[in-house]
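Here is a short briefing to read with the model open beside you.

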Amino acid sequence: MIHSLFLINNAGDLFLEKHWKSVISRSVCDYFFEAREKAVEPDNVPPVIRTPHHYLINIYREKIFFVSVIQTEVPPLFVIEFLHRVAETFQDYFGECSETTIKDNVVIVYELLEEMLDNGFPLATESNILKELIRPPTILRSMVNTITGSSNVGETLPTGQLSTIPWRRAGVKYTNNEAYFDVVEEIDAILDKSGTTVFAEIQGVIEACVKLSGMPDLSLSFMNPRLLDDVSFHPCVRYKRWESERVISFIPPDGNFQLMSYHISAQNLVAIPVYVKQNISFFETGSSGRMDITVGPKQTMGKTVECLVVTVHMPKVVLSANLNATQGTYNYDPVTKILVWDIGKLNPQKLPNLKGSLSLQSGAPKPEENPSLNIDLKIQQLAISGLKVNRLDMYGEKYKPFKGVKYVTKAGKFQVRT
Amino acid sequence: MRAPPALSASAPRNWSRDSVSALSRSASSSSSATAAAAGMSASSAFSDEKGGSASEPEYGHDPASGGIFSSDYKRHDDLKEMLDSNKDSLKLEAMKRIVAMIARGKNTSDLFPAVVKNVACKNIEVKKLVYVYLVRYAEEQQDLALLSISTFQRGLKDPNQLIRASALRVLSSIRVTIIVPIMMLAIKEAASDMSPYVRKTAAHAIPKLHSLDPEQKDQLIEVIEKLLSDKTTLVAGSVVMAFEEVCPDRIDLIHKNYRKLCNLLIDVEEWGQVVIINMLTRYARTQFLNPNVNESLLEENSEKAFYASDDEEDEDKKAEAASVVKRKPYVMDPDHRLLLRNTKPLLQSRNAAVVMAVAQLYFHLAPKAEVGIIAKALVRLMRSHSEVQYVVLQNVATMTIKRRGMFEPYLKSFYIRSTDPTQIKILKLEVLTNLANETNISTILREFQTYIKSMDKDFVAASIQAIGRCATNIGEVRDTCLNGLVQLLSNRDELVVAESVVVIKKLLQMQPEQHSDIIKHMAKLIDNIQVPMARASILWLIGEYCEHVPKIAPDVLRKMAKSFNNEEDIVKLQIINLAAKLYLTNSKQTKLLTQYVLNLAKYDQNYDIRDRARFIRQLIVPTDKSGALNKYAKKLFLALKPAPVLESPFKDRDHFQLGSLSHLLNAKAGGYQELPNWPESAPDPSVRNVEIPDWSKCSSRKDRKEKKVEKPFYSDSEGESGPTESADSESDSGSGSASASGSDESGSGSESEESGEETESEEEDDDEEEQKKKRKKLDKTKAKKPAEESAESEQSSSAEDRKSVRKVVKNQKSASESESESESSESEDESEEESEEESESDTSNIRKKKTPVSKQPPKQSKKESKKETQEMSLLDLDDFEPAPASASVTPVNFLSSSLVSDLEGLSLTDAILGPTTIAPSGAIKMYELLHRIKGEGLAVDYCFSRQPFSPDPNMVAVQIQFTNNTNSEIKNLHIEDPRLQSGRRIREFAEIEMLAVGDSVTVMMGIDFCDSTQAANFQLCTHTRKFFASIQPPVGELMTPAFLTENDFKKEQGKLMGMNEILEKLTLGEKCVNEHVIVERVTATANLSRVPCGSDKECSTPPPPPSVPVYRFAGKTVSSGCLVLVTVTTKEGGGAQLTVNCEKMVIGTMLVKDLVLALSQ
């Protein structure tokens, strides 16, 4: 399936190659570079590129292109999903998935890639198994390794692969047994000029951090499971239990993982936590414009809106902005034409306002479209959909674990059209 | 990996230079960090040995220094030296540096001899890195690579499965042709390895060997066949992968494994799931009938009616009608249904590829009404990474063309954000356009309106085209769209205007008469628009409809003639066209102009234009030489042109399997397997039947698995055995699976149930027997008549009222009977013979009564039964079943009809068991009816199958298994002389004619216990012996599950208070710590179903305190249908309270006893 993998940075340097079958010359990437050039933005590089003898399937993540070479028919999503999994594994191992970390840990990267694919077919992709095979680097361990000459490769052979629960490593031991669940909801919305909701839905995930000894069997139930419209689960979740009882029952992997993601669709009414009053206009003459943005709370369920940021992608002709913010700071980058207004905490008594003038390139026609605003925000201790975890039970182990649930609401793709 | 600087300070000079030079040649400077680190740490170790003297601390950080100049062969000397040393740490360091070089694409092949020596190194990491190196370079250095083979061969024999697997993996990865035979041997051996992990590795090795030497294909297919029959989830994905790569066309290999693959699917790892689902899609396309066949016929019909001439139409209609009638009763193959059902949960997978695979499976295979469920999951994927979005949108675009309704509710999810990448925007636009219809067009157009103002010009152009397409497809909005587009003509952006012109041109072609003013408006635009395509479009429009704008057209031509030389080629061609058309319609005004234009064109640089000019001149300007065509010039130029059809570029893409690379590219990729068309008639479904021994092994494996892991995954018993078991019994028979799984537990529980009511039975024993004797006599006299009748019928074989089935049965019976008579006439007394006849006639009577419809199946089944006694049992079972309508419907053979009925039964039990979380089979206990020694070699076991006994719902189904452990055949097994209390009834199983040596047979019988736990006694007869047998039901088996909601439960419980309620406190056993165990224990003890809770919690008025879990179970007694309600309330510290509400107090008390026993164990 996957023949080779090339990692290419944003500048077009090919800094790592790995072949699972016969070696394919790196010149095959020229086709990719061509497409990259044509696309202008890295986002616009087509994920599948056809070359005379191969197909290149690539993803763009953390400023790195993962370009895989395919020779025969394969579901493209298979490859794309796998490449993302590779990137996630790197992130898991090295804290971040960047060119520097990959270069610094090139041997581990290589060992990982070797284990993840066999002859181009995925072999071990569960992070718990991989961590048994190849230990993630820590500063302490790398010190010790250098001095003693010991290695990153696990001494014991991993048995997780052989069990029916491949996602969990065996013999986990903790002194403090704890399980934390973060319910994170993101609001995706499009608001139109007048502030009415064109489209809004909620995407939620439950991130778990489970550090429990032995083989705990957990079940998580909700107060109102019927809210969840569409769900997807980590493979550890027993689907049948969910179907029949709406209870999430699972033996967790060790460490951090995403337990489930859910979707609360546009059919339900979605509370929009903030409103935006904006007035952006460009004058026909004098090559200037005016801007006035006010943000206020709408349906916040009595919680404070934090980390409020408004981002505006200005038209190309806008040269500079001369604004005055009553709260927070703004920054206009004339190269990328992005205006960022970092408000911080939203104070309902004194609404933040950004007002001032924009200067345009002289002589250029006034821009057609007013730029749309992207809102970023965060509300602690609230799941905007109203989802509540009822209880978490543990079976199969004797000890009493420490349990915790946290709710956060964030803005996802929250856009206000102007 | 970061080495402390203090260590590197002591590095010897020449050394660190070399090590750096080896690595730092890569272009980017930052990359040297690792190299330096590696170099430093390595050299530190090195210096320890030599007691390093020179110092050059920061040398490693400067890539430009020295190293570059050292030559290649010298460069690796240090590495060789390190590899040759006997210190593992040095070897490791060297290998790390070598691997880093490989990663960067540097050539390190000259190190091969030095590296290959270390293949036998003890250190695991060194070994692994050597493997990495070997796999990379073995192909180039085949001879040297052979040195390593013996190590792997040794590894293949290692007792540790992981080492065996890794040896096989590397051995098969080094692409050296000369070792093909060794690889073949290794793969074959590994394919029958004990460890599933090694077998998985063998499956992985198959495609490797195949690509190395395609001539091994035949042998490899054998291995694949073998591995396909593997029962573990670990192997399944990999072997299907190998199948797809080596022999995707050998669909016949799948038949036997089809059901198993379907059932294992949910437990296979994600990547395997994708491959299996894609393969099964193709398989299903070859094996099943099109579920939408009626729909597609209707479509065809309407199309034909539209185009065909009248006569043809009539004929066609007749033919079609006939075929509709013929095909109308579409019944989905149970295997087809199995596939759809077992893939559905995977829509919930976190892996986008799995979701997509299921989606395409449903799109290609599911009945139209069921395809809709995939929409939600696909819409969910749209939140994922942009690459995933891109692929999903491509597929959604194709789906929306064929099944628009499916995505309509999710219209808004395809709305476009200004921050989306352009390629995503354009795909979303495509989907929105496909989804547009009369009802939603206004919202879509409003949405499009905002898109047109976007800064992304490519996107704007696409939006305008989308508006054009909506306008052509939906007549109602055509004028609105046109007006909107005309307004766009005054847009400041030229690109927008140009695109609008092109689209307007297409729209105008549909109804040019009404829009001459638009054409005029556009004629004016020609002065301003510079985009060639738009200019060309305007010119074409004016030329085409010059009658509508008779005054303007010549003027436009005049202007164009002036600027002719500066125009683009495409515009020039249109100018010539315009001139020609005007010349033909209005030659007076334009003759000279036309000539001028043609003259200009004659000397144009472009030969196309020169050619065109010459051609047109000949055609329109009459000269002496001009030929016959001249007359037709007008017809040629001013012919009515059909309006262009604006269709989606995704039309007809669905002939590629969705989700495939070929579909995405709209071109066949290498190795793409065509999605076959549905067959006209279904191939024989029996090819998927698996022999019984095979799958009983499978189920026992499942048991093992369940035992090994205390809680099976995905399924605490209910999940797994829910689908898998149902499927099993679909494939063969429920009885078999129950017996197979139950037999594991046999012997464990047989003592406990006898405790209940022995005292009672002893007291009544005498009366009972008397009663029984009386009844027996009565029965006998009654029974004699039919028996005589049947005897008559035997003689007069041509009796017309006898059904053919019965004949066959009879004939066989008589044959066996006569045999047995001749053999055993001395030993058997008269009464026995009589009773034999009696029971026989009974069964035949039953058959006569119950199965008038299902004549076909039993007939065939009887034939089959001769061959395989095992199968006979299940088919006998079938006999009892009131044959469902489906039996008469299809020409599919008898097994499939039995499957249908099995399926129906199953779906029924599913409905009952669905919310209960019980595995029926897991809970079934086997009891001994006749011990092997006591029965002189005949062993009889029985269990309560907990299935509804279909011939009589008031009876408890008892499944009896006979095993012949004697050295001779046992014949004429039947029941005789039932001694029963009044009101009790027994429905015997059909006589078993013969039980071969070592064989076992399972039959079903029904007993109405009248809700009491007293034993049912009868005699079990063979052709030689009689055995006394008694079946005593535990109280829990006298009930069947009843489905109640929590509220209903409470209501019913309220009615059964006071005397009918029995409370008992108990301490839970040690193992009863969690819900599953409690539920399992209760349901194992009594045939009850769990009352679902949780979702009702919110609405029920007094919500139970969450810390006290309450488990409720409901059922009703089999024969009188009294409700039995059980409540278990657990308390802190292992205490619990058990409440049983039942009208029949005796049952209640006994049940309490049993439950307390079960729960406190």
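This is a predicted model: local features need pLDDT of at least 70, side-chain atom pairs count only at pLDDT 80 or more; totals for chains, interfaces and linings use all residues.

A residue is called buried under 20% relative accessible area, exposed over 50% and partly exposed in between, using a 1.4 Å probe and protein chains only. Residues are numbered from 1 along each chain as its sequence is written, chains are lettered from A and ligands numbered from 1 in the order in which they are written, and side-chain values use heavy atoms, with hydrogens and water left out.

**Helix α33 of chain B**
- Helices (H or I, at least four residues) and strands (E, at least two) are DSSP runs, numbered from the N terminus.
- Helix α33 covers residues 569-585 of chain B and reaches 25 Å from first C-alpha to last, close to the 24 Å expected at 1.5 Å a residue (1.5 Å times one less than its number of residues).

**Where chains A and B meet**
- Chain A brings 114 residues to the contact and chain B 121, with contact meaning heavy atoms within 4.5 Å.
- About 10800 Å² is buried between the two chains, and carbon and sulfur atoms give 56% of that; buried area is the accessible area (1.4 Å probe) that two parts lose on being put together, summed over both.
- There are 11 salt bridges between chain A and chain B, each a side-chain nitrogen of Lys or Arg within 4 Å of a carboxyl oxygen of Asp or Glu.
- One salt bridge joins A:Asp118 to B:Lys208, with the closest N and O atoms 2.9 Å apart.
- A:Asp118 and B:Lys208 also belong to a network of salt bridges that includes A:Lys18, A:Glu114 and B:Arg169.

**Salt bridges within chain B**
- Over all chains, the structure holds 49 salt bridges.
- B:Glu567 and B:Arg535 pair at 2.8 Å, N to O.
- B:Glu567 sits in the loop between α32 (552-563) and α33 and B:Arg535 in helix α31 (residues 532-544), so their pairing ties together parts 32 residues apart in sequence.
- B:Glu567 is buried at 11% relative accessibility, and B:Arg535 is buried at 6%.
- B:Arg1112 and B:Glu1046 form a salt bridge at 2.9 Å, N to O.
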